[in-house]
Amino acid sequence: MRLSRFEIYEQFNKWLCAWNEHDLEGVMEFMHEEVIFNSWNGSSVCGKAVLKKSWQRWFGNHGNFKFILEDFFIDEIEQKMMFSWELDWPSPEKNYLDKREKRKGVDILCLKDGKIHIKNTYSKTTLEIDSAKVSMYAI
C-alpha cells in the first residue's frame, strides 16, 4: 500500500494531534507492526507491541508534553518523511527534573504498507531549561 503525498500529510497531522492529546492508541494507529524506533538517546525498540509498552508510562505521566511542528518534507515516491520539531515537556535530566524543557530535533520516518516502519529520532545537544541554554554534555 502506497500513500499519496496528501494521504501521508493527512496521516501525519492526525498522528501529531494524537501525540499532543497524549493519546497512545491514536499514536500507535500509524505504526507498522514491525516498527523500528531509534531514539535520540541511542536506544532502539522493535515491534509495535513492545514500543507501545515502552511508551505507556510516559503517556500515563505525560506532564502535558507538546510537540510543535517546525518544518516537514514528504517524499511520496520513496514513502519517507522528515520533520523538525520542538518538544516542550518536564525535563527528565537529573539536575533539572520537572523543570520545563524545550528540546529540538528531527525525525525521519520510513513508511511500509502505509504505516511508520522506521522512525529515526535525532535531538540537538543544547536544551532550553527554564529559559536557559543547557548543553547535554554538561549534564
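Guide: Helices (H or I, at least four residues) and strands (E, at least two) are DSSP runs, numbered from the N terminus. This is a predicted model, where local features need pLDDT of at least 70, side-chain atom pairs count only at pLDDT 80 or more, and totals for chains, interfaces and linings use all residues. Residues are numbered from 1 along each chain as its sequence is written, and side-chain values use heavy atoms, leaving out hydrogens and water.

Visitor: Which element gives the largest share of the lining of the largest pocket?
Guide: Helix H3 does, with five residues. A pocket is an open set of points on a 1 Å grid over the protein atoms alone, where a 1.4 Å probe fits, with protein on both sides within 12 Å along at least five of seven lines; lining residues have an atom within 4 Å of a point. Here 35 residues line the largest pocket, and Trp58 and Trp89 are among those nearest its centre.

Visitor: Why is the pair of Trp58 and Trp89 called edge-to-face?
Guide: Rings of Phe, Tyr and Trp (its six-membered ring) pair if their centres lie within 6.5 Å; planes under 30 degrees apart count as stacked, over 60 as edge-to-face and the rest as tilted. The centres of Trp58 and Trp89 are 5.8 Å apart and the planes stand at 75°, so the pair is edge-to-face.

Visitor: What parts does this pair tie together?
Guide: Trp58 lies in helix H3 and Trp89 in strand S4, so parts 31 residues apart in sequence are tied together.

Visitor: How do you know whether Trp89 is buried or exposed?
Guide: Buried means under 20% relative accessible area, exposed over 50%, partly exposed in between (1.4 Å probe, protein chains only). Trp89 has 8%, so Trp89 is buried.

Visitor: What makes Trp58 count as partly exposed?
Guide: Trp58 has 23% relative accessibility, so Trp58 counts as partly exposed.
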